[in-house]
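Good morning, colleagues. Please have the sequence and the model open before you while I speak.

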Amino acid sequence: MHGEYKIPGGKLVVVDVDVDEPGGVLRNTRVAGDFFLEPDEALDAVNHALDGAPVDTDAAGLTTRIEASLPEGTVMYGLTAEGIAIAVRRALAHATDWTDYAWQLIHEGPQAPALHMALDEVLTAEVAAGRRPPTLRVWEWADPAVIIGSFQSLRNEVDPEGAQRHGIDVVRRISGGGAMFVEPGNTITYSLSVPEALVQGLSFQDSYAYLDDWVLGALGDMGITAWYQPLNDIATDQGKIAGAAQKRIVGPDGGPGAVLHHVTMAYDIDADKMLDVLRIGREKLSDKGTRSAKKRVDPLRRQTGLAREAVIERMIDSFRLRYGLADGKVTDEELARAQELARTKFTSPDWTARVP
């Protein structure tokens, strides 16, 4: 069995392992990768520590075995015991790798907020059904909007008078997480619709950082040192620049499904307008360790000095260089289904106010 795991902000870990079927334990474990590890005998110690582990040992248990085996003074660079454990779990789960797929890019003209919500659901369901390849979709916004999480209270998050005053649509997405304030030209949003196999062996938390590691690389190429701040924020030393959310969609007949992972990044922001529309409570601000809502988000425009279009182009180029990416489009059938879903669900008060 073969498993790979690119440690966010670190190096690639590759694990090949056999399973002793009668005993249900790991055998002939071989860890490799482009990481740095001293002393040399630490690698043999890791392999020996993993051999004999019960096949159902979770990542935490494998991590404990690895850490206990390391010679005194071991130095790891670009490598962690947890990262090795995750690679083992991915091998046992027959996880796939980014490069196993023919990725498709969708980057079309501006769409209404409700249609974006519907497209996310439809395209991810198509990936789950095997009718669409894994897809990176970059959004363009036709209208300003507040996007609230699936489980958020509408009245607690949005000031309806402020939204009406500024002509802002309020829509609810199918994923969890917090509210996002978006304006055309000020926001960069993208979705990944990926087979569930791509994140096999990863915890829910680890899957967030794993699916956005390419973005951290793209930002680094633009001169921004960014990292994942659990659970779902991308941050720099200047503040938060993006928030992510996920939804798992079951495949046909309950089989393997797909993961929707979408991210909203602040290219620029009208903080006064945001505060007039969003009800951001003192408790939430305190939890983030900030004194002012205006300081919670630090836009990409200031940090990069690049036009929004240039930032998007560099992000797409970075993804294409890593994994390959062919230009595609939403099919007529997918668009028709999304338009119907936008009409019946995502513009419906029953959905938008399902948590009043």
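Predicted model: local features only at pLDDT ≥ 70, side-chain atom pairs only at ≥ 80, totals over all residues.

Residues are numbered from 1 along each chain as its sequence is written, and side-chain values use heavy atoms, with hydrogens and water left out.

Let me begin with the salt bridges. The structure holds 16 of them, a salt bridge being a side-chain nitrogen of Lys or Arg within 4 Å of a carboxyl oxygen of Asp or Glu. One of them joins Lys 6 to Asp 213, with N and O 3.1 Å apart. This pair ties together distant parts of the chain, since Lys 6 belongs to strand β1 (residues 2-6) and Asp 213 to helix α8, 207 residues apart. Helices here are DSSP runs (H or I) of at least four residues and strands are runs (E) of at least two, numbered from the N terminus. As for exposure, buried means under 20% relative accessible area, exposed over 50%, and partly exposed in between, with a 1.4 Å probe and protein chains only. Lys 6 is partly exposed because its relative accessible area is 27%, whereas Asp 213 counts as buried because its value is 4%. Lys 6, Asp 213 and Arg 322 are linked in a network of salt bridges.

A second bridge joins Asp 268 and Arg 301, whose closest N and O atoms are 2.9 Å apart. Here too distant parts of the chain are linked: Asp 268 sits in the loop between β15 and α9 (271-277), and Arg 301 in helix α11 (residues 300-304), 33 residues apart. Asp 268 is partly exposed at 21% relative accessibility, and Arg 301 is partly exposed at 48%. In a further bridge, between Arg 320 and Asp 327, the closest N and O atoms are 3.4 Å apart. Arg 320 is partly exposed at 30%, while Asp 327 is exposed at 63%.

Leaving aside neighbours within four places in sequence, Asp 212 is in contact (heavy atoms within 4.5 Å) with Tyr 190, Tyr 228, Ile 234, Ala 244, His 261 and Val 263.

On a 1 Å grid over the protein atoms alone, a cavity is a set of points where a 1.4 Å probe fits but cannot get out; a pocket is an open set with protein on both sides within 12 Å along at least five of seven lines; and lining residues have an atom within 4 Å of a point. Grid points are joined across faces, edges and corners, and a volume is the space filled by probe spheres set on the points.

How many cavities of 30 Å³ or more are there? The count is three. The largest cavity has a volume of about 120 Å³. Its lining has 13 residues, and those closest to the centre are Ile 147, Arg 173, Met 180, His 262 and Thr 264. By class, the lining of the largest cavity comprises eight nonpolar, four polar and one charged. Nonpolar covers Ala, Val, Leu, Ile, Met, Phe, Trp, Tyr, Cys and Pro; charged covers Asp, Glu, Lys and Arg; the others, Gly among them, are polar.

The second largest pocket has a volume of about 310 Å³. Of its 16 lining residues, the closest to the centre are Tyr 5, Pro 8, Glu 82, Asp 206 and Ala 209.

Finally, Pro 133 lies in the loop between α4 and β7. Pro 133 counts as partly exposed because its relative accessibility is 31%. Beyond its neighbours within four places in sequence, Pro 133 is in contact with Ala 102, Gln 104 and Val 127.
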